[in-house]
Amino acid sequence: MNSNEILMSYACVRSLLILFNIAFWLSGLSLIWIGVWLQTDFENYLKISENYSDQVHGILIIMGAVIIFVTSLACSCIVKIQSSMLAINGGILITMLFSLISLSVYIYTYKDQVMDGITDGISDEINNYNFSNSTNNDNRDNLLDIVQKNLQCCGNERFTDWPQDAIPKSCFKNFKDYTSVPDIKNIYETGCAYKLKNVISKNFTAIGVTTSTIALFPFFGAVLSFGLSLMYNKGGYEMIV
């Protein structure tokens, strides 16, 4: 292989590594977005479970921030082709590979824990329900009100989980139809446990698949980093500016 071919090989591997770095940086941003989403829009669905924990939000945000930080630092050693730094970058990527695999396992485990606590959590919410917010014109909703409105459900397994004379407004298909003696036709008959478990399962499965897919990035990045480092050491490569 002549010098021009070697130079082209260096440039090709380096270009691939730069493209990987950009893709990995974007994946870190997506993890931060998922963590923020779980902590805001989706949190009410999780908090109703007895096994709720806010650790998963923080872990996703921290992992995303670490990915962005590492990929940003890696840009300099990729552009300048610093052999020792490329090797260190490869080692860091291997560590992140195992971290992302562990995170994927944790997400699936956490999903099962949250789902196991849904039924008992809804029962507790029904038993401790604050009817003052439901019967008055109060903008503050109980946690279960939010779930029942958004998922169009009522009670735990069925609307009959509520006392017949104490069904909250959020169980009604139309709030204007709210009466002390409810008409079954105007009430969401399906219970919230099934719907809530289904929503949590679908979303956390998607998050787990996303995290598992992102775990492939550091594997290929490490291979490219070690490969470029070896090519540099073998060829005595002068950096491309």
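**Disulfides in the predicted model**

Author: Both C153 and C192 are buried, where buried means under 20% relative accessible area, exposed over 50% and partly exposed in between (1.4 Å probe, protein chains only). This is a predicted model, in which local features need pLDDT of at least 70 and side-chain atom pairs count only at pLDDT 80 or more, while totals for chains, interfaces and linings use all residues. Residues are numbered from 1 along each chain as its sequence is written, and side-chain values use heavy atoms, with hydrogens and water left out.

Reader: How many disulfides does the structure hold?

Author: There are two disulfides, a disulfide being a pair of cysteine sulfur atoms within 2.5 Å.

Reader: How far apart are the sulfur atoms of C153 and C192?

Author: The sulfur atoms of C153 and C192 are 2.1 Å apart. Their link is right-handed, with 95° about the S-S bond.

Reader: And what does that pair tie together?

Author: C153 lies in the loop between α7 (143-151) and α8 (192-214), and C192 in helix α8, so the pair ties together parts that are 39 residues apart in sequence. Helices (H or I, at least four residues) and strands (E, at least two) are DSSP runs, numbered from the N terminus.

Reader: Which residue does a disulfide join to C154?

Author: C154 is joined to C171, with an S to S distance of 2.0 Å. This link is right-handed too, at 85° about the S-S bond. Both C154 and C171 lie in the loop between α7 and α8, so the pair ties together parts that are 17 residues apart in sequence.

Reader: Why does C171 count as buried?

Author: C171 counts as buried because its relative accessibility is 0%.

Reader: Changing topic, what is the pairing in sequence order?

Author: With the bonded cysteines of the protein chain numbered in sequence order, the pairing is 1-4, 2-3.
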